[in-house]
Amino acid sequence: MTRGSGHLIVGGSARAGHDWLDPDVVAWSAPEGERDGRPLLIQMHGWSYDEQHLFQFRDDLSAELVIASLRAPHAEAGGYAWFPSRGNPIGDPQPQVAARAVSAVLDWLDALTFKPSSIGLLGFSQGGAMVLQLMRTRPESFDYGVNLAGFVVNDVQSGDSTLARLQLPIFWGRGQQDFVIPQRAIERTQAWMTKHSHATTRVYEQLGHDVAGKEVTDFAAFVARHLTAGERKRDQQQGRRSEADV
């Protein structure tokens with residue numbers, strides 16, 4: 001794990017009945033004037049962490065990326081959570097709670113003042129669940145996902161059928177020594193990913209509920225590979241639109 005310089009802005013908030021991300025509450029890898037037209041990677045941490053947890057891996061990822069590491073809206077256990085502990089068992093949050101968290105991220109994304117060339121998602125634990133739920137909610141907005149020790153929310157989303165057709169690339173890494181995520185949630189996630197994604201699944205023998213070692217190398221390579229593919233896809237789409245205008 002290497003740490004490099006970044007342009008850090010911190011904070012976070014939740015309101016009754018509505019999750020909200022302050023637009024200033026982000027750890028950015030690039031200043032505002034250097035974000036437009038570059039690939040965006042949105043990071044979402046796990047329970048009790050903050051925006052710094054995944055941001056520390058920025059030097060392991062392509063320098064081409066603009067990384068935006070978000071802070072979840074609910075303060076818990078000295079950090080933050082996407083799904084508060086009360087009423088949301090590990091691996092099985094209430095669908096309406098997940099929906100509020102997803103809406104908060106999409107509101108933040110829609111308010112960005114620059115246009116990325118592609119958008120990827122990367123999350124750990126609860127943040128991994130957020131990756132999948134965002135893709136299920138708005139599948140055509142994202143190019144790929146990285147789910148680290150996360151799970152799929154136990155519900156049905158309108159975008160599921162679209163994902164089954166698109167088969168977007170998703171990396172799922174987890175530790176064989178991870179006894180935090182219940183087996184039923186792992187089995188549910190496996191079944192969902194098999195049907196709804198072009199999955200790259202890796203199980204690391206010595207890894208617990210963590211992000212470390214070869215997993216970092218593997219997801220960084222996955223992002224680099226699909227970063228190029230996502231930009232190529234968007235170039236092709238823009239070319240088709242240009243031809244249609246002629």
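**Buried, exposed and enclosed**

Tutor: Let's start with T162, which counts as buried because its relative accessibility is 18%, and buried means under 20% relative accessible area, exposed over 50%, partly exposed in between (1.4 Å probe, protein chains only). This is a predicted model, where local features need pLDDT of at least 70, side-chain atom pairs count only at pLDDT 80 or more, and totals for chains, interfaces and linings use all residues. Residues are numbered from 1 along each chain as its sequence is written, and side-chain values use heavy atoms, leaving out hydrogens and water.

Student: Where does T162 lie, and what is it in contact with beyond its neighbours within four places in sequence?

Tutor: T162 lies in helix α4 (residues 160-166); helices (H or I, at least four residues) and strands (E, at least two) are DSSP runs, numbered from the N terminus. Beyond those neighbours, T162 is in contact (heavy atoms within 4.5 Å) with P139 and E140.

Student: Why is T189 called buried?

Tutor: Its relative accessible area is 0%, so T189 falls on the buried side of the cut-off. T189 sits in helix α5 (residues 183-196), and its contacts, leaving aside neighbours within four places in sequence, are L132, N147, G150, F151, V152 and W172.

Student: What makes A111 exposed?

Tutor: A111 has 51% relative accessibility, so it counts as exposed. A111 is in the loop between α2 (95-110) and β9 (119-124). From A111 to P23 there are 88 residues in sequence, yet 8.0 Å in space, C-alpha to C-alpha.

Student: Which residues line the largest cavity?

Tutor: Its lining is A149, G150, W172, R174, G175, D178, I181 and I186. Strand β11 (residues 169-175) gives the largest share, three residues.

Student: How confident is the predictor?

Tutor: The chain averages a pLDDT (the predictor's confidence in each residue, from 0 to 100) of 89, and 86% of the residues score at least 70. Over residues 1-16, however, pLDDT stays under 50.

Terms used:
1 Å grid on protein atoms, 1.4 Å probe; cavity = no way out; pocket = protein on both sides within 12 Å on 5 of 7 lines; lining within 4 Å.
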